[in-house]
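Please examine the sequence and the structure shown below. The paragraphs that follow lead through selected parts of the fold, one topic at a time.

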Amino acid sequence: MYDVVVIGGGPAGYTAAITALQNGLRVALVEQKYLGGECTNWGCIPSKALIELGSAVGVARALSRHGITLKVESIDRSKTLRHISRAVTKAREGVKYLLSEVDVIQGFGRLKNTHLVKINGSESKEVEARNIVIATGTEPKTVPTFSFDGVKIIHNRHFFELESLPNSIAIIGAGAIGCEISGALANLDVEVHLIEIMDKILPEVDKDVSDVVAKYLARSGVKIYTSSSAQFKEYSGDDVLIRISGKGGTAEIRVEKVLIAAGRSYNTKDIGLSEVGVETDERGVVIVNDLMRTTIPNIYAAGDITGPPLLAHKAFREGVIAAEAIAGVKEVLPRGPVPMVIYTHPEVGFVGFSESQATRIGVKHRVVKFPYVALGKDSTTIRSTPDGFVKLILEEESGKIMGAAIVGNGAADVIHLFTLAMSQRMELRDLRKAIMTHPTYSELFSEIVSSALGRPLHAPKS
Ligand SMILES: Cc1cc2nc3c(=O)[nH]c(=O)nc-3n(C[C@H](O)[C@H](O)[C@H](O)COP(=O)(O)OP(=O)(O)OC[C@H]3O[C@@H](n4cnc5c(N)ncnc54)[C@H](O)[C@@H]3O)c2cc1C
């Protein structure tokens, strides 16, 4: 009998397995496809490899504004994808190495009872477990009128397994994934149409933040349609004909590929959850407590299946919590505030409450902003983001940080200073004591903290 059997080898599952092992437990992990899950194989890693290529081209082109003319002579659309698949293979091998002392079983796992997992793989078998961690992640969802055919109408998994980048693409859904891929492809000279049903891109962030990203995406050539819906019309030769209906009327466009990036469904059906008494909500999200324990005491759940935000680092943390709880660790890591980054140009980083959420829940708050134009570091960069800013949302009465958002270069890293401050519940006056190196993007942190305390250093006078 194993101490722990983990179902799913993505970020939540493999960190649960590693942590359980570190705590001296005997562990098996069941994975139906590739170790690393969505993140390693078709998500975080390939998308960031693509973005890296796109931004390198962006920098090369921007140099001409500074007197250095580099000509991007050609973009080999299949070779670029080789860079991506190399990054994926390397990351997947890394996960395999980390799990070398875990019994990895290939196949589809299903709960037979609260202590038994049935695995259907090249052969069928059953494994017994004192504890089970479910970490089965999500599947891409389509939108009305479109059905995935894997060739022309595709989701992220098809996209990152293409032989060659298309000449033109319609991306349906302008959330983080849709915006990241749009910007990268536009830099690589792909014709991109980005279609969003809501009235703005990046529905999860405040409008002042998403407006900055929309401006830069449009500048890089992405055609953005907000308050618009796309309908499949027909296959037309090598292309797909789609209709876009929005406030301004309807338009028909012809593209090589349609990428649907409009949400995910939870992999919590068909794995025996309800049969053994593990409860889910109406969306299929598994109900867990702070220790990731489900409604059945020896069964835990972690990662995307416990609900939004659907992020790898949330999954990492939840995998660790589940394993530590199983191992009986005294002070299990807390869940803490989960930062989120959108890897567009400019980047977006945010943590805690947004301004609109704070307004919606009715907490009295004050907002402090600091602009990138006042930041020395940004003016030294080739692709500066002068429209960017950082903003802090502070609870009016206590002065505590409720949330922070950054849009601009460096946001992906600097947001962690705010996350640290929030997770340690630090006071603004303590935060002001830390000296930040000049010139760096980290100065965004010291500048806005000083501004919030009424002692701005480089902030323009309001
Ligand atoms: C295009 C894209 C880009 C992304 N970029 C980022 C990013 O930059 N940063 C970030 O934080 N997040 C990103 N994400 C989200 C991130 O990929 C997920 O949050 C993360 O992978 C969730 O981890 P998980 O372990 O919960 O699930 P998954 O990664 O989905 O892993 C679940 C695993 O379980 C396996 N499985 C499912 N059912 C069974 C079964 N019954 N038996 C056996 N195995 C099973 C699956 O094959 C899979 O390997 C991105 C996602 C996408 C789609």
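Gln32 touches Gly107 and Phe108, when residues up to four places away in sequence are not counted. The structure in which these contacts occur is a predicted model. Gln32 is found in the loop between β2 and α2. Is this residue buried, partly exposed or exposed? Gln32 has 17 C-beta neighbours inside 10 Å, and it therefore counts as partly exposed. Ser265 lies 233 residues from Gln32 in sequence, and their C-alpha atoms are 17 Å apart in space.

The surroundings of the ligand may be considered next. The shell around the ligand has 34 residues, and Gly8, Gly10, Gly37, Gly137 and Gly303 come nearest. Several elements give two or more residues to this shell, among them β2 (27–31), α2 (37–42) and β4 (108–113). Sorted by class, the shell has 14 nonpolar, 16 polar and four charged residues.

The interior comes next. In soluble globular proteins, nonpolar side chains tend to be buried together. The largest nonpolar core of this model has 141 residues, of which Val6, Ala17 and Val258 touch the most other members. The element that gives the largest share to this core is α9, with eight residues. Which residues does Val6 contact, leaving aside its neighbours within four places in sequence? Val6 is in contact with Gly13, Ala16, Ala17, Val27, Leu29, Val30, Val133 and Ala135.

Strand β8 (residues 153–154) pairs with β15 in the parallel sense over two bridges, and Ile153 stands opposite Val258. Strand β9 (residues 168–172) also pairs with β15 in the parallel sense, over four bridges, and here Ile172 stands opposite Ile260. These strands belong to an open sheet of five strands in the order β8-β15-β9-β10-β11, with parallel pairing. Why is one side of β8 and of β11 left without a neighbour in the sheet? β8 and β11 (223–225) stand at the edges and each has a single partner strand, so one side of each has no neighbour in the sheet.

Finally, some features of the backbone deserve attention. Most residues other than glycine have a negative phi, and most peptide bonds are trans. The peptide bond from His345 to Pro346 is cis, with omega near 0 degrees, and Pro346 is found in the loop between β18 (340–342) and β19 (348–352). A cis peptide bond also joins His438 and Pro439, with omega about -10 degrees. Pro439 lies in the loop between α13 (428–431) and α14 (443–452).

Asp270 is not a glycine, yet it has a positive phi of about 60 degrees. Asp270 is placed in the loop between β16 (264–266) and α8 (273–276), and it counts as exposed because it has 9 C-beta neighbours inside 10 Å. Arg425, likewise not a glycine, has a positive phi of about 50 degrees. Arg425 is placed in the loop between α12 (411–423) and α13. With 8 other C-beta atoms within 10 Å, Arg425 is exposed.

Notes
Residues numbered from 1 in each chain as written. Predicted model: local features only at pLDDT ≥ 70, side-chain atom pairs only at ≥ 80, totals over all residues. Near = placed C-beta within 6 Å. Nonpolar A, V, L, I, M, F, W, Y, C, P; charged D, E, K, R; others polar. Core = buried A, V, L, I, M, F, W, Y, C linked by C-beta atoms within 7 Å. Buried ≥ 20, exposed ≤ 12 C-beta atoms within 10 Å, placed from the backbone. Contact = placed C-beta atoms within 7 Å. Pairing = 2+ DSSP bridges.
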